[in-house]
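The stops below are meant to be selected one after another.

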Amino acid sequence: PFVLDFVRSRPHLLEHPAVAVYFHGYLALSEPLEDEHFFALKKQLPKAAAQFPLEDLRDVYLLAINFCIHRINLREEAYLREVFELYKNGLESDVFFENGQLSRFTYTNMALAGLRLQEFSWVYEFLHNQREKLPEPQRQGAFSFNLARYYCERGDYNQAMSLLLEMDFDDVLHNLTAKAMLAKMYFETETVTALDSLLASLAAYLRRKRQVSEQQRSAYLNFIRFVRKLQTLPKRDKAGRSALKTEILETALVAEKDWLLRML
């Protein structure tokens with residue numbers, strides 16, 4: 001508080017990028033529902049890119065990205081575009097590379113942001129262009145997972161399914177997302193037997209895997225429950241569909257909530 005008050009009483013200090021970046025960055029994260037400091041931080045990024053060491057610049061980008069992710073989680077879709085632009089600019093400035101490598105989690109998050117904005121051409125090129133920058137042990141898994149998600153979003157389910165069925169993902173979140181992707185495609189193509197088998201397999205995985213957090217477990221168990229309800233709900237049952245929609249909306253932890261609502 002003393003430092004913040006010191007800067008507020010001497011606004012000329014904000015002319016220095018190092019002061020302005022951390023002042024606005026701190027306040028953006030400590031006041032996450034206010035926009036002012038995020039946009040002030042964003043305005044400083046070109047100066048920071050020219051003056052900051054790469055390691056520090058990476059931290060600055062992560063400050064801004066974390067602010068956006070918080071707002072996206074509050075379903076403020078406008079921040080999808082903001083985080084996508086941050087990822088693109090950071091990629092051009094090499095800020096996400098450590099020892100010449102790109103984390104599979106950053107790779108996945110960048111692809112997901114692009115897919116949610118339907119920037120399909122960019123995502124396809126990004127996945128292929130940056131593939132060799134991934135750490136070798138996770139390279140094929142991360143590439144196949146994200147390429148499958150790309151094909152799934154484009155509606156090319158044959159390509160997506162073949163990639164997912166070939167892979168055994170070592171990361172819990174990737175595994176859960178891959179199984180949910182398959183479930184969605186089986187549901188949409190009315191492949192009932194495969195869907196039933198997959199939902200049973202997913203439920204067993206959630207019970208067995210200790211690395212799954214309680215939040216993840218609840219979210220995916222609710223996903224299974226709602227998919228099964230959707231399966232048995234007659235398409236002309238308007239009252240039933242309305243009641244299910246309300247139940248989904250009022251359940252805090254539900255994986256693939258937007259997709260479930262779209263299927264209704």
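Predicted model: local features only at pLDDT ≥ 70, side-chain atom pairs only at ≥ 80, totals over all residues.

Residues are numbered from 1 along each chain as its sequence is written, and side-chain values use heavy atoms, with hydrogens and water left out.

**Stop 1: H2 and H3**

Select residues 17-30, helix H2, and residues 36-51, helix H3. Helices (H or I, at least four residues) and strands (E, at least two) are DSSP runs, numbered from the N terminus. The two axes come within 9 Å and cross at roughly 145 degrees; axes are lines fitted to C-alpha atoms, for helices over the stretch in contact, and angles run from 0 to 180 degrees between N-to-C directions. The crossing is left-handed, meaning that the near helix is turned anticlockwise from the far one by less than a right angle.

Now show the side chains in contact (heavy atoms within 4.5 Å). On H2 they include Phe23, His24 and Leu27, and on H3 they include Phe38, Leu41 and Gln44. The residues of this contact divide into 10 nonpolar, 5 polar and 1 charged. Ala, Val, Leu, Ile, Met, Phe, Trp, Tyr, Cys and Pro count as nonpolar, Asp, Glu, Lys and Arg as charged, and the others, Gly among them, as polar.

**Stop 2: H7 and H8**

Move to residues 120-129 (H7) and 136-154 (H8), whose axes lie 10 Å apart at an angle of about 165 degrees. That makes H7 roughly antiparallel to H8 (over 145 degrees). H7 passes H8 in a left-handed crossing. Among the residues that meet are Phe120, Tyr124 and Leu127 in H7, and Phe143, Leu147 and Tyr150 in H8. This contact has 8 nonpolar, 2 polar and 2 charged residues.

**Stop 3: H9**

Which residues are buried in helix H9, residues 157-166? Tyr157, Ala160, Met161, Leu163 and Leu164 are. They cover an arc of only 165 degrees around the axis, so they sit on the same side of H9; the arc is that of the directions from the helix axis to the C-beta atoms. These buried residues pack against H8 and helix H10 (172-188). On the other side, Asn158, Leu165 and Glu166 are exposed. Buried means under 20% relative accessible area, exposed over 50%, partly exposed in between (1.4 Å probe, protein chains only).

**Stop 4**

Most residues other than glycine have a negative phi. Select Asp94, in the loop between helix H5 (78-92) and strand E1 (97-98): its phi is near 65 degrees, a positive value. Asp94 counts as partly exposed, at 41% relative accessibility. Finish at Gln118, in the loop between helix H6 (104-116) and H7, where phi is near 60 degrees. Gln118 is exposed, with a relative accessible area of 59%.

How values were computed
Parallel < 35°, antiparallel > 145°, perpendicular 65-115°, else oblique.
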